[in-house]
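Subject: Structure for you, with notes

Hello,

Here is the structure I promised. Please open it first, then read the notes below.

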Amino acid sequence: MPGTKKTAQIGMVIAVAFVLSYIESMLPLNFGVPGIKAGLANIVVVFSLYYFNTVMAGCISIVRIILCGLAFGGLSGLFYSLAGGILSFIVMAILKKTGKFSVYGVSIAGGVFHNIGQILVAMVILQNKMTAYYLPFLMAGGVTAGIIVGTLAAVLIKRFKGTELFLL
């Protein structure tokens, strides 16, 4: 794929993630536990992991986190999101590379490890190990979000396998 076309496609993928984050920020979802989100933009990250190469998917993930963090969160939220997103992506990339996990398993692990990364950062910033008691609730949310994200990403992966992502 020529460089300009590939750059345009990556830009469009990031834009889709940005729009999904915006939509999620507008939805009045309350899961009963503060900090639990559906993670709709992660559909794009999981899809990118299967559609593009790992390095490109990682770049898409980081750019998405930075843009959405600056637009919809704050500086502290950006650090939590980066920690969770980077740990999540590393785990997802490793699991995908083994070939032993489906897109659903990869996505669920991503959801869980995103929360683990955020809790680790919270423990360091707050200097309070008690924050870890919050982890089981976040992990339950991560599993649920991972199932939803994995299901939607699997549909997209199947739909676009072997095709041009956007006809430019």
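One definition before anything else: helices here are DSSP runs of H or I with at least four residues, numbered from the N terminus. Keep in mind that this is a predicted model.

**Helix 5 and its end**

Start with helix 5. Just after helix 5 comes Gln 127, with a positive phi of about 50 degrees. Gln 127 takes this positive phi although it is not a glycine. Its place is the loop between helix 5 and helix 6.

Helix 4 and helix 5 pack at an angle of about 145 degrees. Their axes are 7 Å apart. The crossing of helix 4 past helix 5 is right-handed. The residues of this contact divide into 13 nonpolar, 10 polar and 1 charged.

Two residues show the contact from either side. Ser 88 sits in helix 4. At 7% relative accessibility it falls under the 20% cut-off, so Ser 88 counts as buried. Leaving aside neighbours within four places in sequence, Ser 88 is in contact with Gly 110, Gly 111, Phe 113 and His 114. The C-alpha atoms of Ser 88 and Ala 109 are separated by 7.4 Å. Those two residues are 21 residues apart along the chain.

His 114 is in helix 5. Its relative accessibility is 17%, so His 114 counts as buried. Which residues does His 114 touch, not counting residues up to four places away in sequence? They are Ser 81, Gly 84, Gly 85 and Ser 88.

**Helix 2 against helix 4**

Helix 2 covers residues 42–51, and helix 4 covers residues 75–98. They pack at an angle of about 35 degrees, with axes 11 Å apart. Helix 2 passes helix 4 in a right-handed crossing. On the helix 2 side, the meeting residues are Val 45, Val 46, Leu 49 and Tyr 50. On the helix 4 side, they are Phe 89, Met 92, Ala 93 and Lys 96. By type, the residues of this contact are 7 nonpolar, no polar and 1 charged.

Met 92 is worth a look. Not counting residues up to four places away in sequence, Met 92 touches Val 45, Val 46, Leu 49, Val 106, Ser 107 and Gly 110.

**The nonpolar cores**

The largest nonpolar core has 30 residues. Which of its residues touch the most other members? They are Leu 49, Ile 60, Phe 89 and Met 92. The elements giving two or more residues to this core are helix 1 (3–26), helix 2, helix 3 (54–72), helix 4, helix 5 (103–126) and helix 6 (135–160). Helix 2 supplies the largest share, 6 residues. There is also a second, separate core of 6 residues. Val 112, Ile 116, Ile 119 and Leu 135 are among them.

**Helix 6**

Helix 6 has 26 residues. From first C-alpha to last it reaches 35 Å, close to the 38 Å expected at 1.5 Å a residue. Its buried residues include Leu 135, Leu 138, Gly 141, Gly 142, Ala 145, Gly 146 and Val 149. Further along the list come Gly 150, Ala 153, Ala 154, Ile 157 and Phe 160. An α-helix has 3.6 residues a turn, so residues three or four places apart point the same way. The buried residues of helix 6 pack against helix 2 and helix 5.

Not counting residues up to four places away in sequence, Tyr 104 touches Gly 150, Thr 151 and Ala 154. The C-alpha atoms of Tyr 104 and Ala 153 are separated by 8.6 Å, and the two are 49 residues apart along the chain. At 39% relative accessibility, Tyr 104 counts as partly exposed.

Thr 144 is in helix 6. Its relative accessible area is 46%, so Thr 144 is partly exposed. Thr 144 and Ala 154 are 10 residues apart in sequence and 15 Å apart in space, C-alpha to C-alpha. Just after helix 6, Gly 162 takes a positive phi of about 75 degrees.

Best wishes

Definitions and conventions: Residues numbered from 1 in each chain as written. Predicted model: local features only at pLDDT ≥ 70, side-chain atom pairs only at ≥ 80, totals over all residues. Heavy atoms only, no water. Axes fitted to C-alpha atoms, helices over the stretch in contact; angles between N-to-C directions. Left-handed = near helix turned anticlockwise from the far one by under 90°. Contact = heavy atoms within 4.5 Å. Nonpolar A, V, L, I, M, F, W, Y, C, P; charged D, E, K, R; others polar. Core = buried A, V, L, I, M, F, W, Y, C linked by side-chain atoms within 4.5 Å. Buried < 20%, exposed > 50% of the residue type's maximum accessible area, 1.4 Å probe, protein only. Expected span 1.5 Å × (residues − 1).
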